[in-house]
Amino acid sequence: METFEFKSEARQLLDLMIHSLYSHKEIFLRELISNASDALDKLRFEALTDKNLAPAGFDPEILLAADEGRRTLTVSDNGIGMDREELIKNLGTIAHSGTKEFAAKVKQAREASSEDRVAELIGQFGVGFYSAFMAASEITVVSRRAGHDEAWRWISAGDGQFSIEPADRDAPGTTIELKLRPADPDNELGDFTDAWTIERVVKKYSDFVTYPVRLKEKDGGWRQLNSMKAIWMRPQSEVKPEEYAEFYKHITHDWDAPFETITIRAESPFEYRALLFVPSKPPFDLYWRDLKWGLQLYVNKVRIMDQCDELLPSFLRFVRGVVESPDLSLNVSREILQQDARVRQIRKRIVKKVLETFEKIQKDEPARYATLWESFGKVLKEGVAGDPDGSDKLRDLLWFASSNDSAQPTSLKDYVGRMKDGQEAIYYITGEDRAALEKSPHLEAFFAKGYEVLYMTDPVDEIVVGHLTDYDGKKLQSVGKGTVELGTEEEKKQAEEARTEKQRAHASLLETLQKPLDEWVKEVRLSTRLKTSAVCLVGEESDLSPRLERMLREANHAAPKAKRILELNPEHPVLAKMQALHDSSADDPRLADYARLLHGQALLAEGTALPDPVDFARLVADLMVRAD
Ligand code: ADP
Ligand code: MG
């Protein structure tokens, strides 16, 4: 017999399982049955290429047997089994990629004494096997890998160690014997030697399992407890929400019920079913670079892939579920799937159906849509940029924060519905922080007209506006780009004439001011967008926004550093003051200082770092000394 230590994260988890006040202890049985079902799925899959593994007449099953006298419960399956190395690896470590994060989060949650949060984490991370220690003081696993002759016994009391020794098992599969702790009805730990308790828990959590779950009766016979119908083959009207919720937990490990359940049933041109779930909260790894996503893919009741990402575009990567089609080939590889026109067709239909469902929620239950948007809006926005399947429908689903109503974001359709007479475009401003954007000098002229402006604060918005140039025939227009002409044709003409005339009058001054800023500014001009502020920076229609430039640089792209345009408010007294200085001496050194001060102010107002903060501070101090 050899003894091993659990890896440290596994030890923490065990400790958590044994000592947490987590009240749904009975879920351990669901986890063990779920593992047995997975093991049978794997066997079926391997048997596709090695017929010996499941010869004719092979009867896949999950067996439960209780012994009142010894206070034990045994869960066994004739699935894929584990060899010695697999026992050590699978039951001695946590295989999931999020292990470190998990351990850290659990530690935090426990320090905050937040047992609800701990329970939620257990759900999210799918720490199935160890949950059995909530019900058992000792666990013995005897397993024999399909295709191997020898079997192994794994034993642990959950105290930091486990041991392994050779064992006997007639056929491949796994037997898990739990030495039960005393029943604790207050914490939903019933007596699991009692047939009625076992039956209730199996029906509650595992009814949809597609293999028979059989309980040993007093007379030695076996009785099947689950109905075994694949839940995705049943019409949605006949399945209770709780049943969907249980199935959802089974495939996702998410503790919360799904936000929305969507079914698809297609008969022609070929047959397939899909059962899709939208989670109620974003999973913790939604934005991880190496996130794997996708749907489970079944062909003829055999699960051939766990995360088939060919079936879902990345902007719907939060959707979970199952697709089954008898018409696909059983011998699919990812390469074959990529070529398969039917897979593309299923994917198209899934995208359409999911987006239509969202549209309907948006229309009929806006408050519910708001929570959906809060959870997944950022991911949906990614689809606007570059996914041919989604972009048209997605436009109608987009919500943005707006100057219209601070509480609720708005759809573009609603924005257009509120546009003022004479308003030509949908106006937006991008930046990190809404509070700062609201006070941005760029908005003054728009607010003066009573026009609504969208606040685009998500980094992905920069990409969205790059692709979404118009909506419902209205141009999307950044308030920080190009020139601003608002109002009726007549008003615009007058404003433009007035500006050109002033521009001419101040031409020499503007040129003088531009020179010391040459490195950053390509033009200094008079503004039509400023009402109270003295100055702001704008770009040309085709320029990258300063934030996009920053993002590209952070991502190590060689973003060209575009020169900006500095706009001065023609009505601001500072202009007259500078003009007076310039009139008495065109090369008064103070003009260069003022130019740098104005440039610095404009940068600060939009939240961009100053190129030389020390110089700016000195200029301000000088100015204060000079002032009387
Ligand atoms: P998960 O099921 O999410 O992978 P678990 O903690 O429930 O995590 O199980 C850990 C691993 O142990 C499984 O991935 C599987 O490889 C192995 N395992 C558990 N139970 C069985 C079983 N009955 N048959 C074969 N392998 C099993
Ligand atoms: Mg499991």
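Which residue in S11 is the bridge partner of Ala266? I looked this up at the start, keeping in mind that the model is predicted. The partner is Tyr272.

**Entry: strand S11 and its neighbours**

I followed S10 (residues 260-266) into S11 (residues 272-278) and found them paired in the antiparallel sense over seven bridges. The two strands form a hairpin, with five residues between them. Ser268 and Pro269 are joined by a cis peptide bond, with omega at about 5°. Pro269 belongs to the loop between S10 and S11.

Strand S14 (residues 320-324) runs antiparallel to S11 and is joined to it by five bridges. In this pairing, Arg273 stands opposite Glu324 of S14.

Next I asked how many residues of S11 are buried. The count is seven of seven, so I list the strand as mostly covered. In a regular strand, side chains alternate between the two faces of the sheet.

**Entry: aromatic pairs**

I counted aromatic pairs and got 22. One of them is Phe6 with Tyr130, an edge-to-face pair at 6.1 Å centre to centre and 75° between the planes. Phe6 sits in the loop between strand S1 (2-5) and helix H1 (8-19), and Tyr130 in the loop between helix H5 (115-125) and strand S4 (136-144), so this pair ties together parts 124 residues apart in sequence. I noted both Phe6 and Tyr130 as buried.

I then took Trp232 and Tyr298. Their ring centres are 4.6 Å apart and their planes are at 40°, so I recorded the pair as tilted. Trp232 is in the loop between strand S9 (222-224) and helix H7 (241-252) while Tyr298 is in strand S12 (residues 295-299), so the pair ties together parts 66 residues apart in sequence. Trp232 and Tyr298 are both buried.

Trp232 and Tyr298 also belong to one aromatic cluster, together with Phe208, Tyr244, Phe247, Tyr248 and Phe277.

**Entry: ligand 1**

I found 13 residues around ligand 1, the closest being Asn35, Ala39, Asp77, Asn90 and Phe129. By class, the shell has four nonpolar, seven polar and two charged residues. Helix H2 (27-47) and helix H3 (84-92) each supply at least two residues of the shell. The largest share, three residues, comes from H2.

An N or O atom in the side chain of Asn35 is 2.8 Å from an oxygen atom of ligand 1. An N or O atom in the side chain of Asp77 is 2.9 Å from a nitrogen atom of the ligand. A polar side-chain atom of Thr174 lies 3.4 Å from a nitrogen atom of ligand 1. Taken alone, ligand 1 exposes 530 Å², and the protein buries 84% of that.

**Entry: positive phi**

I looked for positive phi in residues other than glycine and noted Met228, with phi near 70°. Met228 is in the loop between S9 and H7. Its relative accessible area is 29%, so I marked Met228 as partly exposed.

Asp472 also has a positive phi, near 55°. Asp472 is in the loop between strand S19 (470-471) and strand S20 (474-478). Is Asp472 buried or exposed? With a relative accessible area of 53%, Asp472 is exposed.

Key: Residues are numbered from 1 along each chain as its sequence is written. Chains are lettered from A and ligands numbered from 1 in the order in which they are written. This is a predicted model: local features need pLDDT of at least 70, side-chain atom pairs count only at pLDDT 80 or more; totals for chains, interfaces and linings use all residues. Side-chain values use heavy atoms; hydrogens and water are left out. A residue is near a molecule or strand if one of its heavy atoms lies within 4 Å of it. A polar contact is a pair of N or O atoms within 3.5 Å; within protein, one must be able to donate a hydrogen and the other to accept it, and residues adjacent in sequence count only if both atoms are side-chain atoms. Accessible areas come from the Shrake-Rupley method with a 1.4 Å probe; for residues, only the protein chains shown count as cover. Helices (H or I, at least four residues) and strands (E, at least two) are DSSP runs, numbered from the N terminus. Ala, Val, Leu, Ile, Met, Phe, Trp, Tyr, Cys and Pro count as nonpolar, Asp, Glu, Lys and Arg as charged, and the others, Gly among them, as polar. Buried means under 20% relative accessible area, exposed over 50%, partly exposed in between (1.4 Å probe, protein chains only). Two strands pair if DSSP finds at least two bridges between them. Rings of Phe, Tyr and Trp (its six-membered ring) pair if their centres lie within 6.5 Å; planes under 30 degrees apart count as stacked, over 60 as edge-to-face and the rest as tilted.
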